[in-house]
Amino acid sequence: MCICHLPCRLVKPNLIGDQTFSKMGAHYHCIICSATIARRTDMIGHINRHVNKGETESRFITAPAPKSSYQVLKESNTDVQVLPNYSTPQKTDSYFNPKMKLNRQLIFCALAVLAEERKPIECLDAFGATGIMGLQWAKHLRSSVKVTINDCNENSVTMIQENCHLNKMKVKLNTKEENNDEALGGGEQNTDTIEVTKMDANVIMHMRSFDFIHLDPFGTSVNYLDSAFRNVRNLGIVSLTSTDISSLYAKAQHVALRHYGCNIVRTEYYRELAARIVIAAVARAAARCNKGIEVLLAVALEHFVLVVVRVLRGPSPADDSAKKVRYLIHCQWCEERIFQKEGNMVEENPYQQLPCDCHGSMPGKTAVVLGPLWSGALFNTGFLRRMLFEAVQYGLDETQPLLKTLVCEAECTTLKNFSTHGPYDENKQEECGVYIKTPDTSAESCVLHGKRKNNEVVRNAAKRQKSDNSAEHPAFYYNIHRHSIKGMNMPKLNKFLNYLSEAGYRVSRTHFDPMGVRTNAPLAQFKTILVKYSTPTYTGGQAEGPLHLTEDVHVGDQVPAAADTKSEDAEFLEDNKSGDAEFLEDNKSGDTATMFTNDCPIHCAAD
């Protein structure tokens, strides 16, 4: 026994086999579990682990915070009360992030679209925290949804109940409805009821079936995918928000390999790469449950990655989804990329699949294999247009610009034609290979709630998917700044999009990168058009316009150059200076050609 009256000496066996006590120096004892800690830094980490698990003594002794210390926040006409330290997830039970407002509005629009297809629907917010998301669903969609808010923390469940009373909602706990007549007050009656549960997210998703499930854990959501797809109903929707951006954005590559089983590197299209990593994990989890997926929405912004998928039951959709998970070949010199071809046969030279010739002109290995990734489409145009209509209906002004950008990106076009007069079009009744209920659709063509699709709908789904493969948006995008040339002024982004469109390529902007261009043009043609319409930075009195290349390069139609702004001043120059001016212009043109040859890659200089 030591001076602290605890058996803290380390026991080590000697060579003979007997146990002897080794000498113990200065040490610490944990006030919670009485563990022996040798170093002070280890003691601090040990105490923090107790705090995170809720095992500290002060947590059980101290009384709950008085209601006067609560803060009431309002978002989308929904009030929630939180603790003063609501912005730190590891130190509070009422974590609330105001920066995720856009994420919550996108999920609400997706749920509103599903609520128009079938009523009522059972939806689950698996990680409630303050319950802000489930309260918004119940307050705006009313009787169209049956909301269940779940959380495994007892303090969070208490906070959710108080927030339900604050918004004049009835609470149902363990299938027993509370008497909340006093909470409603003023003789006002409200039929909206929210079910609040306290259990692990995996447990509740294994026990019950839902039409709409949203997963928003702190970090990765791969631990809950198998449970989410186990009992989700046919044609239901699963949405998940991943906030582990350090691993998804290739800052912690070993963590991405551990969580998602994916090899990644930092690229110019790292945000779309992150979205495809998450969708690949979702597709594999759904396939294990004999279910396929149809990606409706994929958004990757600064703080989160949001993926919304529709569930298609059956082994055939599961096989189709699993086939879309492939590896990506990425060139590290020019950043060209292409998905590997389908098949199990080993190719003799995988570099031949890349459109570039960097492997032949550069020494060593020039490409890496990334993945496995989702190789299918990231957006569904019909679903996005209906989400835009719901955003207009409920006055979600912050979401409308992003949804308009997503619609243009899904169609890969720069034309912004948005009609919000009617929620559905006659030619958009079939979506994701199944028939969606519209006001003009008869009851026979609608999919009944909780029933499987018949054979005709399955055949129509296969035909629809085969015909839509050619209409999918191109995979990935190019950053115009990453491929610019030193010493040259790039054209404006909107003008450059017009130049690519005139050359015969599909083109659009992307929400992943404000300076990104999504196009089906190869990288060589992308650079050629970019060089053609770039101007030198030191032109001075030289005319602004496209940079004329040799006759061997043919890219689209020629655009007339801009008029010389100083042509009128040239008439007033003296005759003895005209020769010097011509000599200077010849030197400038020669310098321009020399600079173009030195800065461009080998294959561009040859052109």
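Predicted model: local features only at pLDDT ≥ 70, side-chain atom pairs only at ≥ 80, totals over all residues.
1. Start with the overall picture. The protein has 607 residues, and 46% of them are buried. Its secondary structure comes to 21 helices and 25 strands.

2. Next, how the chain meets itself. Taking contacts with a separation of 6 or more, 64% are between residues 24 or more positions apart.

3. Now have a look at helix H14, residues 381-393. With 13 residues at 1.5 Å each, H14 should span 18 Å, and its end C-alpha atoms sit 19 Å apart, which agrees.

4. H14 is largely enclosed by the rest of the structure, because 10 of its 13 residues are buried. Among them are Phe383, Leu384, Met387, Leu388 and Phe389, but also Arg386 and Glu390.

5. Both ends of H14 are worth a click. At the start, Asn380 brings a side-chain oxygen to within 3.3 Å of the backbone nitrogen of Gly382. After the helix comes Gly395, with a positive phi near 70 degrees.

6. Then move to the hairpin of E5 and E6. Strand E5 (residues 71-75) pairs with E6 in the antiparallel sense over 5 bridges, and Lys74 stands opposite Asp79 in E6. There are 2 residues between the strands, and in this hairpin Ser76 takes a positive phi near 55 degrees.

7. Finally, is strand E6 (residues 78-82) largely enclosed or open? Of its 5 residues, 4 are buried, so E6 is largely enclosed by the rest of the structure.

Definitions and conventions:
Residues numbered from 1 in each chain as written. Heavy atoms only, no water. Expected span 1.5 Å × (residues − 1). Buried < 20%, exposed > 50% of the residue type's maximum accessible area, 1.4 Å probe, protein only. Polar contact = N/O pair within 3.5 Å; in protein donor to acceptor, adjacent residues only side chain to side chain. Pairing = 2+ DSSP bridges. Contact = heavy atoms within 4.5 Å.
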